[in-house]
Every structure is written in structure tokens, then in C-alpha cells.
Amino acid sequence: MAHQFSVGDHVRWNSEAGWVEGTITKVHTRDVDYKGHMRRCTPEDPQYEIKSSKTDHIAMHKGGALQKIRE
């Protein structure tokens, strides 16, 4: 099942430190180098850059790891 999110969506994901919330800042639909690693992305299976609400840390995840928590 495809998980489609948009820039501005508020989401959460489970990290090593527990649940983290943030806002999607970019949607990647082409392969991208991220922190020294190639992240595979397609229009059908994008990856999302998310800025943490608490720490301003930027993370990148596929849609399957994210849950939308409010409009």
C-alpha cells in the first residue's frame, strides 16, 4: 500500500529513542545522496525529509515508517 504525504504534513515515526514528531519539509521522488548514503526514491515510493518538532533534527524516511497525526 502506498503512503503518500505532502510537504507540511505533521507526522510521527518510531526511532531508537522512541516516538518522534515532525513536519515534512521535502518529498524526494528521485534517488538522493543523504548524509553520505544513497537513498532510493521513485514517484511511486518516495522518501520524505522531516524536521523534528523538538530538536530541529532532519530525518529521512519512507512512507511506511510514518503516521500522519493531524491536518
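**Close-up views of a predicted protein chain**

**Figure 1. His 28 is a buried residue of the predicted model.** His 28 has a relative accessibility of 15%, and it therefore counts as buried, the cut-off being under 20%. This residue is placed in strand β2, which comprises residues 18–28. When neighbours within four places in sequence are set aside, the contacts of His 28 are Cys 41, Pro 46, Gln 47, Glu 49 and Met 60.

**Figure 2. The side chains of His 28 and Glu 49 form a polar contact.** The distance in this polar contact is 2.6 Å.

**Figure 3. Trp 13 is a buried residue of strand β1.** Strand β1 covers residues 10–15, and Trp 13 lies in this strand. Its relative accessibility is 5%, so Trp 13 counts as buried under the 20% cut-off. Apart from neighbours within four places in sequence, Trp 13 is in contact with several residues, among them Gly 18, Trp 19, Val 20, Glu 21 and Gly 22. The list of contacts also includes Ile 50, Ala 65 and Leu 66.

Figure 4. Trp 13 and Ala 59 are separated by 46 residues in sequence, while their C-alpha atoms are 10 Å apart in space. The side chains of Trp 13 and His 61 are joined by a polar contact of 3.1 Å.

**Figure 5. The protein chain contains 7 strands and 0 helices.** From the N terminus, its elements follow the order β-β-β-β-β-β-β. The radius of gyration is 11 Å, close to the 11 Å given by the globule rule for 71 residues, so the chain is as compact as a globular protein of that length. The C-alpha trace spans about 30 × 25 × 20 Å along its principal axes. Of the contacts with a separation of 6 or more, 41% are between residues 24 or more positions apart.

**Figure 6. The protein chain has an accessible surface of about 4,900 Å².** Carbon and sulfur atoms account for 48% of this surface. Buried residues make up 30% of the 71 residues. The chain carries 11 positive and 10 negative side chains, and the centres of these two sets are 2 Å apart.

Technical notes: Residues are numbered from 1 along each chain as its sequence is written. This is a predicted model: local features need pLDDT of at least 70, side-chain atom pairs count only at pLDDT 80 or more; totals for chains, interfaces and linings use all residues. Side-chain values use heavy atoms; hydrogens and water are left out. Helices (H or I, at least four residues) and strands (E, at least two) are DSSP runs, numbered from the N terminus. The radius of gyration is taken over C-alpha atoms; the globule rule is 2.2 Å times the number of residues to the power 0.38. Buried means under 20% relative accessible area, exposed over 50%, partly exposed in between (1.4 Å probe, protein chains only). Contact means heavy atoms within 4.5 Å. Accessible areas come from the Shrake-Rupley method with a 1.4 Å probe; for residues, only the protein chains shown count as cover. Lys and Arg count as positive and Asp and Glu as negative; His and the chain ends are not counted. The place of a charge is taken as NZ of Lys, CZ of Arg, CG of Asp or CD of Glu. A polar contact is a pair of N or O atoms within 3.5 Å; within protein, one must be able to donate a hydrogen and the other to accept it, and residues adjacent in sequence count only if both atoms are side-chain atoms.
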